[in-house]
Amino acid sequence: MGRAILIVAALWLVSSQAYYALVTTLGLEGGYDGAPVLFAAYYLAWAAVALWLFRALIADNLGHTTVLREGLVMLPVLVGFALFVVYGLPLLPKVSELRAPSEPPEFMFSSAWYYLPKSADILFQQVLAAGLILTAARAGYRLLPIALGMAVAFGGFHLLLAFDGYTPTYVTRFTLSATLFGAVLPYLYLRLRSGFRWAYAFHWGFYAADATLTHFILAAPPWA
């Protein structure tokens, strides 16, 4: 179990630091939106590394289902979110620069391209989560301790947003949401069939819901 925690922590830390180094080196104001194809490939590469490191666990969890087949079944989920980005997002009211925080999260003023690398980033995060959960289950931990551990881990990772200059409200909202989601993740992976698809869909769905609410709450008033 300790080895799995070290692997996940190392992958998360190195990938995050390398991402910011790339953004700085390329002189980008917005990472995902500034180079969406590059960072989509970047996080897909990290997801592949994580998948390879946890390949035995994930293969056992899938049973007779291959990773390729699991990926194909994910396509309707990805198509649904793509339709939201392409057709739904442009219909949302624009976020007012006056109502937005002084250092707004990138998604507030990003284009639809932002969600291409974000989708790959979510994939990477879910492979890491799957590695931890399946390792804990194989080690004999029960569902409740795994849920508590994932709540602390997933919520704790999002506390690091405070070091990126985000507002306390933003950090608190995402940390609490991540803590709750982390507690639910073990149930999705260990009790439901096709847990990865459910986990990915809920994870992506949170960003879609959060973006929608943000656009309405921070929209410019009609008289402006």
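**Close-up views of a predicted model**

**View 1. His 203 in helix α9.** His 203 belongs to helix α9, which covers residues 195-217. The model shown here and in the other views is predicted. His 203 counts as buried because its relative accessibility is 3%, under the 20% cut-off. Beyond its neighbours within four places in sequence, His 203 touches Ile 122, Gln 125, Gln 126, Phe 154 and Phe 181.

**View 2. Helix α6 from end to end.** Helix α6 runs over residues 115-138. Most of helix α6 is covered, with 20 of its 24 residues buried. Gly 140 follows helix α6 and has a positive phi, near 100°.

**View 3. Phe 84 against Trp 204.** The model holds 22 aromatic pairs. One of them joins Phe 84 and Trp 204 edge-to-face, at 6.4 Å centre to centre and 90° between the planes. Phe 84 lies in helix α5 (residues 67-88) and Trp 204 in helix α9, so the pair ties together parts 120 residues apart in sequence. Trp 204 counts as buried, at 2% relative accessibility.

**View 4. Tyr 114 and Tyr 115.** These two residues also form an edge-to-face aromatic pair. Tyr 114 is buried, at 7% relative accessibility. Tyr 115 is buried as well, with a relative accessible area of 4%.

**View 5. Arg 55 over Trp 52.** Here a charge sits over a ring. The charged end of Arg 55 is placed 4.0 Å from the centre of the Trp 52 ring.

**View 6. The largest cavity.** Searching the whole structure gives two cavities of 30 Å³ or more. The largest has a volume of about 70 Å³. Its lining includes the aromatic residues Trp 12, Phe 154 and Phe 157. Val 8, Gln 125, Leu 128, Ala 129, Leu 132, Met 150 and Ala 153 also line this cavity. Helices α1 (2-26), α6 and α7 (143-159) each supply at least two residues of the lining. Two lining residues, Gln 125 and Phe 154, are also contacts of His 203.

Note on methods
Residues numbered from 1 in each chain as written. Predicted model: local features only at pLDDT ≥ 70, side-chain atom pairs only at ≥ 80, totals over all residues. Heavy atoms only, no water. Helix = DSSP H or I, 4+ residues; strand = E, 2+ residues; numbered from the N terminus. Buried < 20%, exposed > 50% of the residue type's maximum accessible area, 1.4 Å probe, protein only. Contact = heavy atoms within 4.5 Å. Expected span 1.5 Å × (residues − 1). Phe/Tyr/Trp six-rings, centres within 6.5 Å; stacked < 30°, edge-to-face > 60°. Lys NZ or Arg CZ within 6 Å of the ring centre and 35° of its normal. 1 Å grid on protein atoms, 1.4 Å probe; cavity = no way out; pocket = protein on both sides within 12 Å on 5 of 7 lines; lining within 4 Å. Points joined across faces, edges and corners; volume = space filled by probe spheres on them.
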